[in-house]
Amino acid sequence: MSFVTFGEIMLRLTPNDHGQKINSSNTFNVNYAGSESNVASALGVFHNDISFVSKLPSNQLGDAAVRNLQGFGVKTNFVVRGGSRIGTYFIEIGDSIRPSSVIYDRANSAISTIKEGEFPWEEILRNKKWLFLSGITPVLSEQCAKETINVAKIAKELGVKVAFDMNYRRTLWKSNKDAQLIFNKILGHTDLLFGNAGVLKDVYEMNFEGDCPEEKTMNAVLKAKKKFGIEQLAFTIRKHSSASENELSGVLLSNNNLSVAKNIKVNITDRFGTGDAFAAACLHSINKGDADQEIIDFSTAAFALKHTIKGDQHTSSENEIKSIMEGNISGHVLR
């Protein structure tokens, strides 16, 4: 069974000297990034049948983005070409007490110029199992919001399951109320919800009781299920020590059963794209028919392992993630 993701792939620019500030860097590494494209590339690494749907300019940057996805085994048949530019963002990797930061340069990007009827959704979704969407694409333009809601609705009508990552980028939305209005329409068609306690607080102003992040996240998952009527939810847990060290876990609610992964402490190389690695691993494991505990353990291991890899895209194999899941976290050289 195969997957479809819909969203924006962007040009990612990071100071060449890892940890250097943007304002003092003369050279930048160029990669590609974007929530839905990150999920697509990770699913491709797991050898799934995966298609990415988007719009990119007909220039060398658009060509390179397409080749990047194809290199992960992602099908790009339904990437529309047009518009004048690819969305771009600059990342400054934090260290110790200095947080990471992002500068977006994505106004009027190709995907924001999409038009009604530009994507043949019934053809795209035919014989597919899952559609993955995020909360980022709807904020890019009015038509992006309409298209995201529309494809979620069409997917449900066709019997395709909808996975929605409630990504909330506060610098892009005018207010959390605007996000609520759009998210509610997508959530009405959602089968699997990705998120965390923080995004529910930011968007829906929800608070959760608990003496530790695990308890608060379990309560967040239960509250979200009740509020949105979604049966399956997978949330990440992050304990911040600094920009260089986090402790990570995850919670899965499925069939009224809560499963919690063990904590994994990581030293951070690059924390961007980590939630996407979690989502891709979760979708892959669910699609395989794994048991609930194995699903959340595998997803959390992927989540943790991505923190050690530069760039947004997660390139670890299923076996490498399983090794972390099985407790092989000493970092000894493999020979």
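Two strands are taken to pair if DSSP finds at least two bridges between them. Helices (H or I, at least four residues) and strands (E, at least two) are DSSP runs, numbered from the N terminus. The model is predicted: local features need pLDDT of at least 70, side-chain atom pairs count only at pLDDT 80 or more, and totals for chains, interfaces and linings use all residues. Residues are numbered from 1 along each chain as its sequence is written, and side-chain values use heavy atoms, with hydrogens and water left out.

Strand S1 (residues 2-6) pairs with strand S4 (residues 50-56) in the parallel sense over 4 bridges, and Thr-5 stands opposite Phe-52 in S4. S1 also runs parallel to S8, to which 4 bridges join it; the bridge partner of Val-4 in S8 is Leu-131. Of the 5 residues of S1, 5 are buried (under 20% relative accessible area, with exposed over 50% and partly exposed in between; 1.4 Å probe, protein chains only). S1 is therefore largely enclosed by the rest of the structure. Ser-2, Val-4 and Phe-6 point one way from this strand, and Phe-3 and Thr-5 the other way. In a regular strand the side chains alternate between the two faces of the sheet.

A separate paragraph concerns an open sheet, in which 4 strands lie in the order S3-S2-S6-S7 with mixed pairing. Its edge strands, S3 (28-33) and S7 (101-105), each pair on one side only. Strand S6 (residues 88-92) and S7 pair in the antiparallel sense over 5 bridges, with Phe-90 opposite Ile-103 in S7.

The buried residues of helix H5 include Ala-179, Ile-182 and Phe-183.
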